Amino acid sequence: MSGIRVGRGAGERPGDKDARRPGGAGHQRTAEEAAALEDLATVYAHIMDRAPEHDIDPTLERVQRVLELLGDPQKAYRTVHITGTNGKTSTSRMVERLVREHGLRTGRFTSPHLTSVTERIAIDGDPVTPARFVEIWEDVAPYVGVVDRESQEAGGPRLSFFEVLTVMAFAAFADAPVDVAIVEVGMGGSWDSTNVVDGDVAIVTPISIDHTRWLGHTIEEIATEKSGIVKEGAVVVLAEQSDVAEAIVIEAAAAKDARVLREGQDIAVAGRTPAVGGQVVDLRTPAGLYTQIFLPMIGEHQAHNALLALSATEALLSGGRALDGGVVEAAFGDVSSPGRLEVLRSSPTVIVDAAHNPAGAEALVAAVDEAFEFERLIGVVAIMGDKDSEQILSVLEPVLAEIVVTRNSAERSADPADLAEIAVDVFGEDRVHSAERLDEALAIAVDLAERDDSVGVGVGTGVLVTGSVITAADVRILLGRG
């Protein structure tokens, strides 16, 4: 058996719905910290008892009503609103870091979280503390309760898990107060709970097929939903898209008299060179060319995310004029996005990535091919049951010597037996292994990676864990990064 050791994690199936701890890493805590974590767990359990993120009643009315009772805190700051299919969280973190480097106070709302729900609401780049999260909930709870009752009396549901978190984030940002909020949609755009903001800048990352149950089964339908975040007179930073998606977003922008900056025409990644720990990029915006910027993130897709973030920050802070090159360099040099092509350990190398759809898997494969020289790479894959598992596995197949399919801690995780059946069709029976628990799957994968390692130090061997954001979260906890 391999020397890898894993502690408590996804295999132990904790009681809350996504099995991730509400409070984060497990170091020795003071009595005050322990009490705050206990309070956080109580609040988190209450919020989780509401309709989950994947149980959607598409309306903005409940969130709008709570915010109205709170005095419309979402109008107290400028906003960058981000939608698309992949790359939203990384792009959000890049925008936030660029804005903060200019001396402005920032709020960042992203989803889902990896280890702690507090990660979703960040002030000046740091998640709110457990104690502060509880305070925010206590501040908004009476107003949430009023709207819960109003909705139920009218035959509707209580606010959902995501609606409550959206309200909490906007209230926290106003209370801080922040100068700029960077807000990632939960899903779609037009009816997403976050779409109560009037984004000064809208970023649309690449649009592909995902969440078909809610957004539609075609690019046209999905792009139409996502273009709903474009507001009157805004600037739209548009990633390279299919012709259909691009036309829909441009039409939506024209209807709102919004200016569009299109990747490939107005903005571009002018050059990039892989480097140790990331890459060096040249980014062209309408204001000029930023050269030799080190980005400590792996993969061509991250260079394009950086381009979107830089263009959006220019539009927001300078009206489209060039930003100081030293400020841009400092901001990008300090950016990170946990769970996105993150190396968790070495010998053998264990990489985690949150890719959860075919387009994300394609970006992952391209990045692995470019940045690593594996002679033998083993996959550990746990995918949600509503995803296109066959297509995701087909994209991963060329880079994986063997695969271990398993489940993550979410109730919606695909059954390993079902996933194994699909994997056998893609990989062939001899290359497929199955485990009921993620910790078991990880141990099996490490053994498989090391099996043909004649040197014995993990050179050229690795394990890639992917398939879902929750899979990424679970393995980070297992390996002590949560």
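Which loop holds Asp257? Asp257 sits between α8 (243-255) and β8 (259-262). Some backbone notes on this predicted model follow.

1. Start with that aspartate. Asp257 isn't a glycine, yet its phi is positive, at about 55°. On the accessibility side, Asp257 comes out at 62% relative accessible area, so it counts as exposed, the cut-off being over 50%.

2. Asp72 is another one to look at. Phi here is near 55°, again a positive value in a residue other than glycine. You'll find Asp72 in the loop that runs between α2 (61-69) and β1 (78-83). Is Asp72 buried, partly exposed or exposed? Its relative accessible area is 24%, and because that falls between 20% and 50%, Asp72 is partly exposed.

3. Why flag these angles? Because most residues other than glycine have a negative phi, and most peptide bonds are trans.

4. Going from Ser111 to Pro112, the peptide bond is cis, with omega near -15°. Pro112 belongs to the loop between β2 (106-109) and β3 (121-123).

5. Which residue does a cis peptide bond join to Pro177? That would be Ala176, and omega for the bond is about -15°. As for location, Pro177 lies in the loop between α5 (161-175) and β5 (180-184).

Key: Residues numbered from 1 in each chain as written. Predicted model: local features only at pLDDT ≥ 70, side-chain atom pairs only at ≥ 80, totals over all residues. Heavy atoms only, no water. Helix = DSSP H or I, 4+ residues; strand = E, 2+ residues; numbered from the N terminus. Buried < 20%, exposed > 50% of the residue type's maximum accessible area, 1.4 Å probe, protein only.
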